[in-house]
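Q: I would like to learn how to read a few features from the atoms. Can we take them one at a time?

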Amino acid sequence: MTIGIVGAGKAGCSMGKYLREHGAAVAGYVSKSRESVESAATFTDTRAFSSLGELVSKSDIIFIATPDGIIRSIWEQIAQQPIQGKIVCHLSGSLSSDIFSGRERVGASGCSVHPMYAFSSKYTSYQQLNQVLFTLEGDRRALDLVGDVLGQAGLRFCIIDSSKKMRYHAAASMVSNMMIGLYEMSIDMLQDCGFGREAARELVKPLVEGNIRKLLATSPEQALTGPIERNDAATVAGHLAVLTEEEQAVYRKLAQKLAELAMKKHPERDYKAVLELLQGGQCEEHSCDIPAGEGKG
């Protein structure tokens, strides 16, 4: 099966390079920018096609590796070509194969192929793809053939329900992008305590690195530490008292999830006081009453 790639950015270059180096037949690229398509073709030792129609005619599987917003228009152009028996797939994490509307009418099969990975470079990210888990959904024929291509290249994948694609992508964003937002919020709070930005970053670095290492090496329960895990209601109340309304909202929601983990880790402990605080109630044992939105700010 010969693969053609629409889009010559980080994802397209990385996929083409990896597949080419692992025995797949990659025909080449087409892109809006002639400079980028020639660069991608040179990097992967493939061909720079001059038109979408030319690439489609030379490919059995067409990967669309463009921004999500133009996948539909690319598909509409592809559907105007003779594509009987061909497979069209995209690399979007949030969109499903449903975007290839009318594919049955033109005799094509469709699927989505999403690597759970943040591509940082056109020229080096491909080196990590054998450590990445791909998720696929779509037509059975497309899944079988594209799965064979990935498997023969040593890539791991799983099949997901098409209707869950957006929720799947939201989960990926929370653990990836939003973790950065949480980090930035903590840096802002430390700057409010008088630390310079670089000093604050240096201060939290061992915490961030240590927690991520232990989390990935063990489990969320085993990695959990801190006042929630210790059932320290007084400290939780103190935290809530000095947080702004916005910070309280984030703290409460995340702390409730930590409390769930803590109760699994320590089923013998009674976390009632902590849970009442997180839900905006009163902690009589520690004489604390922190309603939602009445912290600092």
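Q: Does Y123 count as buried, partly exposed or exposed?
A: This is a predicted model, and the classes rest on relative accessible area, with buried under 20% and exposed over 50%. Y123 has 39% relative accessibility, so Y123 counts as partly exposed.

Q: How many aromatic pairs does the structure hold?
A: Rings pair if their centres lie within 6.5 Å, and planes over 60 degrees apart count as edge-to-face. The structure holds four such pairs. In one of them, F43 and Y123 have ring centres 5.0 Å apart and planes at 80 degrees, so this pair is edge-to-face.

Q: Which parts of the chain does the pair of F43 and Y123 tie together?
A: F43 belongs to helix α2 (residues 34-44), while Y123 is in the loop between β6 (109-115) and β7 (133-138), so the parts tied together are 80 residues apart in sequence. F43 has 18% relative accessibility and therefore counts as buried.

Q: What is the geometry between the rings of F43 and Y126?
A: Their centres are 5.9 Å apart and their planes stand at 70 degrees, so this pair is edge-to-face. Y126 lies in the loop between β6 and β7 and F43 in helix α2, so the pair ties together parts 83 residues apart in sequence. Y126, at 12% relative accessibility, counts as buried. F43, Y123 and Y126 form one aromatic cluster.

Q: Where does K17 lie relative to the rings of F43 and Y126?
A: For a charge over a ring, the distance to the ring centre must be within 6 Å. K17 lies over the face of F43, 4.7 Å from the ring centre. The charged end of K17 also sits over the ring of Y126, at 5.9 Å from its centre.

Q: Which residues are buried in helix α6?
A: For a helix, list the buried residues and then see where they point. In α6 (residues 165-175), the buried ones are K165, Y168, A172 and S173. They span an arc of only 140 degrees around the axis, which puts them on the same side of α6. M166, R167 and M174 are exposed on the other side of α6.

Q: What do the buried residues of α6 pack against?
A: They pack against β5 (87-90), β6, β7 and α7 (177-192).

Notes
Residues numbered from 1 in each chain as written. Predicted model: local features only at pLDDT ≥ 70, side-chain atom pairs only at ≥ 80, totals over all residues. Heavy atoms only, no water. Phe/Tyr/Trp six-rings, centres within 6.5 Å; stacked < 30°, edge-to-face > 60°. Helix = DSSP H or I, 4+ residues; strand = E, 2+ residues; numbered from the N terminus. Buried < 20%, exposed > 50% of the residue type's maximum accessible area, 1.4 Å probe, protein only. Lys NZ or Arg CZ within 6 Å of the ring centre and 35° of its normal. Arc of directions from axis to C-beta. Contact = heavy atoms within 4.5 Å.
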